[in-house]
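Have the model open in your viewer and let's walk through how its pieces sit against each other.

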Amino acid sequence: MVVINIPQLYGEKAKLEQLPEYISKAKELAGSGQDVTLTGPGPVWVYLAVAHALHGLAKSLTYDSPVTGPVKIFDHDPH
């Protein structure tokens, strides 16, 4: 399983004009066919863009926070 801490993608402050870089980094971290979990504080627009970019690349995607616990976003495992 791969865990991506969203603030690691952008550092101190997310900037919309750098979104393609954040997506590229997330794809690199996620690899292909992995179970991926997104976590950490961050702007919702970064989460949404990364989740969209990982669809079709990751086997499954989960969001995890202390408030919600793990929430499955998608799962393409046939088993």
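H2 and H3 are oblique to each other, because they pack at an angle of about 50° and the oblique class takes whatever is left once angles under 35 degrees (roughly parallel), over 145 (roughly antiparallel) and 65 to 115 (roughly perpendicular) are set aside. Their axes are 10 Å apart; axes here are lines fitted to C-alpha atoms, for helices over the stretch in contact, with angles running from 0 to 180 degrees between N-to-C directions. The crossing is right-handed, meaning the near helix is turned clockwise from the far one by less than a right angle. Helices (H or I, at least four residues) and strands (E, at least two) are DSSP runs, numbered from the N terminus. Keep in mind that this is a predicted model, where local features need pLDDT of at least 70 and side-chain atom pairs count only at pLDDT 80 or more, while totals for chains, interfaces and linings use all residues. Residues are numbered from 1 along each chain as its sequence is written, and side-chain values use heavy atoms, leaving out hydrogens and water.

Which residues of H2 and H3 meet? From H2 come Leu-19, Tyr-22, Ile-23, Ala-26, Lys-27 and Ala-30, and across from them in H3 are Trp-45, Val-46, Ala-49, Val-50, Ala-53 and Leu-54, with contact meaning heavy atoms within 4.5 Å. By class, that makes 11 nonpolar, no polar and 1 charged residues (Ala, Val, Leu, Ile, Met, Phe, Trp, Tyr, Cys and Pro are nonpolar; Asp, Glu, Lys and Arg charged; the others, Gly among them, polar).

Now for the rings: the structure holds 2 aromatic pairs (Phe, Tyr or six-membered Trp rings with centres within 6.5 Å; planes under 30 degrees apart are stacked, over 60 edge-to-face, the rest tilted). Tyr-10 and Tyr-22 have ring centres 5.9 Å apart and planes at 55°, so this pair is tilted. Since Tyr-10 lies in H1 (residues 7–10) and Tyr-22 in H2 (residues 19–30), the pair ties together parts 12 residues apart in sequence. Tyr-10 is buried at 16% relative accessible area, and Tyr-22 is buried at 3% (buried is under 20%, exposed over 50%, partly exposed in between, with a 1.4 Å probe and protein chains only).

Tyr-47 and Tyr-63 form an edge-to-face pair, 5.4 Å centre to centre with 75° between the planes. Tyr-47 is in H3 (residues 44–54) and Tyr-63 in strand S3 (residues 60–65), so this pair links parts 16 residues apart in sequence. Tyr-47 is buried at 11%, whereas Tyr-63 is partly exposed at 27%.

Strand S3 also holds Thr-62, which is buried at 10%. Leaving aside neighbours within four places in sequence, Thr-62 is in contact with Val-36, Thr-37, Leu-38, Pro-70, Val-71, Lys-72 and Ile-73.
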